[in-house]
Number of protein chains: 2
Amino acid sequence: MKKAVFFQTPESRKGDIITSALKIIDQKGVKGLTVARLAQEVGFVESALYRHFKSKRDLVSFILDNILQDAWNYLAEVEEKTEDSLEALKQLIYLFLSFLEQFPGIFKIIYSDEIYLGDEELQDKIDGIISEIVVFLKKVIQKAINQKKLKADLDVTVAAMHFLGLIYTAFSYWTIKKRRVPLKKISSELLDQYLEGVKA
Amino acid sequence: MKKAVFFQTPESRKGDIITSALKIIDQKGVKGLTVARLAQEVGFVESALYRHFKSKRDLVSFILDNILQDAWNYLAEVEEKTEDSLEALKQLIYLFLSFLEQFPGIFKIIYSDEIYLGDEELQDKIDGIISEIVVFLKKVIQKAINQKKLKADLDVTVAAMHFLGLIYTAFSYWTIKKRRVPLKKISSELLDQYLEGVKA
DNA sequence: CTATAATGTGAGTGAATATTCACTTACCGG
DNA sequence: CCGGTAAGTGAATATTCACTCACATTATAG
């Protein structure tokens, strides 16, 4: 019987579990996140998970709520503090990507139809996250148009989707290249091409 | 005991199964493709599947090989026959998207880490497909650069990934909008923004 | 008409998986 | 030191899933 590690607040234990879960998802995909594997990674027995989370689904839901909350605060801050709206777009893409670099598992959760389909509540949660991001990006882009930095006749929604697509593209490229190329380098080239196409 | 439908070549029966499989994947995701569900959709009993395919994995592999072979021929044809290389890019994105519009399930297979992970052979197959596409796009883009239609200093690989990302973006947008907006409309706006950024 | 090959059926099996439960262990406050 | 509580354990369970196998049916070619 292994000695339990105590002296940890409940939060940090949950944190351990989340860290392990994201690591597994990153390496083995959402499908690879099984309770057995998670338990092994954390270092307890399967049933112990249920001391911390009601269910596996609950764990994923918790991850989405909490990790993304953090990211969200950063985004809002950048948008508020950066005067130059083109510079803001640059900052935003770096922020998105350094976040995904840190938590690649999150990306997989959001873009996985494993979770997306079959659980209406999680599906709604993920849809909500994406549409929040799009709304946010539309706001930034509209601001840039108002500042005459971007073309006046730009379709704001398409431009926002296109920007979001850059993040996906950079991330995919990074994955294909076995993460050997720095994400920041990839994204800056993509962003340059993007900006050439949309700026005034 | 239900009467069997015969008078069908093995090919067309396989075709029925593939059609059903892609329909299920489209609606329920790759995870949703279970042998039970597939059998129900096709109209036979689970075990009957194994008269046509060695395994479920074999079915997916067959889909990747065959459906994509078709697509591939179209792509090559467009590239050869279209003189104007910018026009070729336009044609290509339409072709990609009308293909995905017809077989959305294929898209989900390729972008699913459910299949991607855990089966090395399928993983290699999908990797191969993607890199073939990238190589192809790089060739088209390089040709356009040589024709002085695109910027001479363009990073061809990044431009190709960006283009591929547009397809993903258009498809996602289409999905989010519940497929109510025609894919062609979405893609032409995205492509315009893209071309503005890369053309000479 | 009959042999054969293709296709379908029904019942079952074993493996993987999430979850429950009764229990034990370790720590902490009073 | 005692009682409560948070955390962990080990065994069991129900479900889902891909897949197998012996048997049945149908179409077609000779």
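This text walks through a predicted model of two protein chains, from their pairing down to single residues.

Because the model is predicted, local features need pLDDT of at least 70 and side-chain atom pairs count only at pLDDT 80 or more, while totals for chains, interfaces and linings use all residues. Residues are numbered from 1 along each chain as its sequence is written, chains are lettered from A and ligands numbered from 1 in the order in which they are written, and side-chain values use heavy atoms, with hydrogens and water left out.

Now look at where the chains meet. Here 32 residues of chain B are in contact with 32 residues of chain A; contact means heavy atoms within 4.5 Å. The copies meet through the same surface, because 100% of the interface residues of chain B are also interface residues in chain A. Between them the two chains bury about 2,900 Å², and 60% of it is on carbon and sulfur atoms. Met161(B), His162(B) and Gln193(B) supply 22% of the area that chain B buries against chain A, more than any other three residues. Buried area is the accessible area (1.4 Å probe) that two parts lose on being put together, summed over both.

Charged pairs also cross this interface. Side chains of opposite charge can pair when their charged atoms come close. A salt bridge is a side-chain nitrogen of Lys or Arg within 4 Å of a carboxyl oxygen of Asp or Glu. By this rule, two salt bridges span chain B and chain A. Lys151(A) pairs with Glu196(B), with the closest N and O atoms 3.7 Å apart. This pair runs from the loop between α7 and α8 of chain A to helix α9 of chain B. Helices are DSSP runs (H or I, at least four residues), numbered from the N terminus. The side chains of Glu196(A) and Lys151(B) also meet in a salt bridge, at 3.7 Å from N to O.

How exposed are these partners? Lys151(A) is partly exposed, at 25% relative accessible area, and Glu196(B) is partly exposed too, at 34%. Buried means under 20% relative accessible area, exposed over 50%, and partly exposed in between (1.4 Å probe, protein chains only).

Over all chains the count comes to 24 salt bridges. One of them joins Asp84(A) and Lys149(A), 3.5 Å apart at the closest N and O atoms. This pair links distant parts of the chain, 65 residues apart: Asp84(A) sits in the loop between α3 and α4, Lys149(A) in the loop between α7 and α8. In chain B, Lys125(B) and Asp65(B) meet at 3.1 Å, N to O. Lys125(B) lies in helix α7 and Asp65(B) in helix α3, so the pair ties together parts that are 60 residues apart in sequence.

Next, go inside. The largest nonpolar core has 145 residues, and Ile141(A) and Ile141(B) touch the most other members. Such a core is a set of buried Ala, Val, Leu, Ile, Met, Phe, Trp, Tyr and Cys residues joined through side-chain atoms within 4.5 Å. Beyond its neighbours within four places in sequence, Ile141(A) is in contact with residues including Leu89(A), Val156(A) and Tyr194(A). Val156(A) belongs to helix α8 of chain A and is buried, at 14% relative accessibility.

Helix α2 of chain A, residues 35-42, has Val35(A), Leu38(A), Ala39(A) and Val42(A) buried. Seen down the axis of α2(A), these residues fall within an arc of 100°, so they line one face of the helix. The arc is that of the directions from the helix axis to the C-beta atoms. Ser20(A), in helix α1, is in contact with Leu38(A), Glu41(A) and Val42(A), leaving aside its neighbours within four places in sequence.

End with the backbone. Most residues other than glycine have a negative phi. Arg179(A) has a positive phi, near 65°, and is found in the loop between α8 and α9 of chain A. Lys178(B) has a positive phi of about 55° and counts as exposed, at 53% relative accessibility.

Notes
Helix = DSSP H or I, 4+ residues; strand = E, 2+ residues; numbered from the N terminus.
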